Amino acid sequence: MSAKVIEGKRIAQEIREEIRQETERLKERGIVPGLAVVLVGGDPASAVYVGNKEKTCKEMGFHSEVHRLPEETTQEQLLAVVADLNRNDAVHGILVQLPLPKHIAEKAVIDAIAVEKDVDGFSPQSTGNLVIGDESLLPCTPAGIIELIRRAGVDPAGKHAVVIGRSNIVGKPVAMLLLRENATVTICHSRTENMEAIASQADILVVAIGKPKAIGRRYVKPGAIVIDVGVNRLESGKLAGDVDYDECLDVAGAITPVPGGVGPMTIAMLMQNTLKAAKRKAGV
Ligand code: NAP
């Protein structure tokens with residue numbers, strides 16, 4: 001039987017529409033969610049990502065600011081911009097587009113973002129809050145993955161979830177979130193032995209390794225929900241996930257495609273975090 005395809009693109013669109021409508025209602029009460037994005041240098045891919053964020057903010061009805069700074073901006077100058085944005089009442093979320101030029105320490109800049117405005121959810125304080133289960137803004141891609149699992153009608157509680165990949169931006173936080181959802185979680189990585197045997201026990205399999213089509217049907221338990229986070233550009237120019245989608249389609253119970261699966265959820269969650277931050281600030 002063919003797996004149910006989890007249509008991230010459609011789900012992200014639904015979430016964006018929910019955010020747009022809630023923003024309209026908030027505006028009647030004088031609350032306008034605001035996102036500031038800071039871009040340093042001229043990296044073309046980063047410029048595209050920032051442009052998309054700016055466009056999506058406008059669609060949501062948010063206040064949007066983009067601070068485009070030259071490549072030669074010093075760390076002190078960038079920290080001063082972040083400090084200004086921390087104090088700016090029209091800005092509820094701050095996102096510094098990564099990667100930063102080599103002469104700037106990313107960690108110092110991310111650390112400088114006020115925790116209540118950390119809509120990327122990457123700062124040590126946000127990460128700590130996530131681990132101890134305190135209220136915080138959740139990192140966007142992991143939060144999007146949990147939302148996809150929920151909207152596919154799967155409750156992680158009591159299920160065995162296997163996460164392949166342990167990066168700070170995807171693998172570790174998604175494992176923590178699944179644990180918070182009461183799943184029993186196993187994390188695999190490049191040093192894991194017998195990964196096939198472990199993965200094929202998973203009711204929920206999340207793959208974030210950055211290796212095109214590395215995870216084939218032998219890793220998938222029949223009926224499992226498979227979330228493919230990978231985005232890899234093939235020589236043909238096409239995008240492929242970390243999961244061999246065609247091979248797994250008739251084994252999995254549900255599966256995300258690439259593109260159109262996890263990817264579109266990330267920006268939707270960024271908008272949701274900005275909305276959340278604005279509501280918290282206003283005491284709504
Ligand atoms: P990363 O920082 O390179 O981490 C990759 C992780 O996978 C590491 O923990 C590594 O293990 C593990 N790994 C690598 N090869 C493996 C193998 N053969 N078997 C088992 N584990 C293996 O990557 P990332 O930032 O987490 O990103 C992963 C993928 O997700 C990439 O394709 C990226 O483009 C994509 N991504 C997508 C979105 C989105 O919005 N859709 C967002 C973020 C990332 P070690 O720790 O042992 O080295």
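Cys57 is buried, at a relative accessible area of 1%. Buried here means under 20% relative accessible area, with exposed over 50% and partly exposed in between (1.4 Å probe, protein chains only). The structure is a predicted model, in which local features need pLDDT of at least 70 and side-chain atom pairs count only at pLDDT 80 or more, while totals for chains, interfaces and linings use all residues. Residues are numbered from 1 along each chain as its sequence is written, and side-chain values use heavy atoms, with hydrogens and water left out.

A search of the whole structure for disulfides (pairs of cysteine sulfur atoms within 2.5 Å) finds zero. Cys57 is in no disulfide, and the nearest cysteine sulfur, that of Cys140, lies 12 Å away. For Cys188, the closest cysteine sulfur belongs to Cys248 and is 15 Å away, too far for a bond. Cys188 is also buried, with 0% relative accessibility.

Cys57 also takes part in a helix contact. Helix α2 (residues 44-60) packs against helix α10 (residues 263-282) at an angle of about 55°, and their axes are 11 Å apart. Helices (H or I, at least four residues) and strands (E, at least two) are DSSP runs, numbered from the N terminus. Axes are lines fitted to C-alpha atoms, for helices over the stretch in contact, and angles run from 0 to 180 degrees between N-to-C directions. α2 and α10 are therefore oblique to each other. Angles under 35 degrees count as roughly parallel, over 145 as roughly antiparallel, 65 to 115 as roughly perpendicular and the rest as oblique. Contact requires heavy atoms within 4.5 Å. From α2, Asn52, Lys53, Thr56, Cys57 and Met60 meet Ile267, Leu270 and Met271 of α10. By class, this contact of α2 with α10 has five nonpolar, two polar and one charged residues. Ala, Val, Leu, Ile, Met, Phe, Trp, Tyr, Cys and Pro count as nonpolar, Asp, Glu, Lys and Arg as charged, and the others, Gly among them, as polar.

Helix α10 also holds Leu275. Leu275 is buried, with a relative accessible area of 5%. Beyond its neighbours within four places in sequence, Leu275 contacts Ile19, Glu22, Thr23, Leu26, Pro33 and Phe62. The C-alpha atoms of Leu275 and Leu35 are separated by 9.1 Å, although the two residues are 240 residues apart along the chain.

Pro142, Ala143, Ile145, Ile146 and Ile149 in α6 meet Pro173, Val174, Leu177 and Leu178 in α7. The α6 contact with α7 has nine nonpolar, no polar and no charged residues.
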